[in-house]
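Hi,

Here is the structure I said I would pass on.

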Amino acid sequence: MIFTGLTRQILSTALCALTTTSWAATERIDDTGTSLESITRMYWRQLAPSRKVDNTMEGSAQVQVRLNLAPWVGRTGRIFLVLPEQPMGPIRASWPAHGRFSAGSLISGQRALVYSGPITSPIMEGILVLKLEVDGTRLQSIQRLVFHFEIDVNQ
């Protein structure tokens, strides 16, 4: 295919527009109003021994989410749940869609999108019901699940 100089310039400009992101730097959200159930009971996935050893423990936890989005009202943003690496090793978390929050999953050390759209009010509240999976051989005692929320705002 042969392109003229003007066509190449238009295509180049269009490609640059498509590849450049219009999202600002990531910022941590004030989520001090967010609370997690105090104790999450974890259960062995495999109750009876078999040839295949499965050391996975599962549990669920309800998170009452309360995010202070006042600095970003009137803008469009993407909100992420961030699960840093945990002392008890890798944790897999997943959740169904509920209210304004979309369904998702992640492994500790990652972040996952929970909302994308306009920020219309200073406070966003909702519930996330997390299904958690962890290697039971790494659980030595009661552990605290550490997570937070971040936002990327459209410039």
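Below is what turned up, from the whole chain down to single residues.

A word on the source: this is a predicted model, where local features need pLDDT of at least 70 and side-chain atom pairs count only at pLDDT 80 or more, while totals for chains, interfaces and linings use all residues. Residues are numbered from 1 along each chain as its sequence is written, and side-chain values use heavy atoms, with hydrogens and water left out.

The chain as a whole

Starting at the N terminus, the order is α-β-β-β-β-β-β-β-β-β-β. Of the contacts (heavy atoms within 4.5 Å) with a separation of 6 or more, 77% are between residues 24 or more positions apart.

The four-stranded sheet

Four strands make an open, antiparallel sheet in the order β1-β10-β5-β8; strands pair if DSSP finds at least two bridges between them. At the edges are β1 (27–28) and β8 (110–118), each of which pairs on one side only. β5 (residues 76–83) runs antiparallel to β8 over eight bridges, and L81 has A112 in β8 as its bridge partner.

Strand β10 (residues 148–153) holds D152. D152 counts as buried because its relative accessibility is 4%, and its side chain makes a polar contact of 2.6 Å with that of T26. For a polar contact, two N or O atoms lie within 3.5 Å; within protein, one must be able to donate a hydrogen and the other to accept it, and residues adjacent in sequence count only if both atoms are side-chain atoms.

Rings

There is one aromatic pair in the structure. F147 and F149 form this pair edge-to-face, 6.2 Å centre to centre with 85° between the planes. (Rings of Phe, Tyr and Trp, the last by its six-membered ring, pair if their centres lie within 6.5 Å; planes under 30 degrees apart are stacked, over 60 edge-to-face, the rest tilted.) F147 is buried at 17% relative accessibility, and F149 is buried at 0%.

R111 sits over the face of F80, 3.6 Å from the ring centre; the cut-off is NZ of Lys or CZ of Arg within 6 Å of the ring centre and within 35 degrees of the ring normal.

M57 is in strand β4 (residues 56–68) and is buried, with a relative accessible area of 10%. Y43 is 14 residues away along the chain, yet the two C-alpha atoms are 5.1 Å apart. Beyond neighbours within four places in sequence, M57 contacts residues including Y43, W44, L132 and V134.

L69 lies in the loop between β4 and β5 and is buried at 1% relative accessible area. Its C-alpha is 7.1 Å from that of I29, 40 residues apart along the chain. Leaving out neighbours within four places, the contacts of L69 include I29, I79, I119 and I151.

Cheers

Definitions and conventions:
Buried < 20%, exposed > 50% of the residue type's maximum accessible area, 1.4 Å probe, protein only. Helix = DSSP H or I, 4+ residues; strand = E, 2+ residues; numbered from the N terminus.
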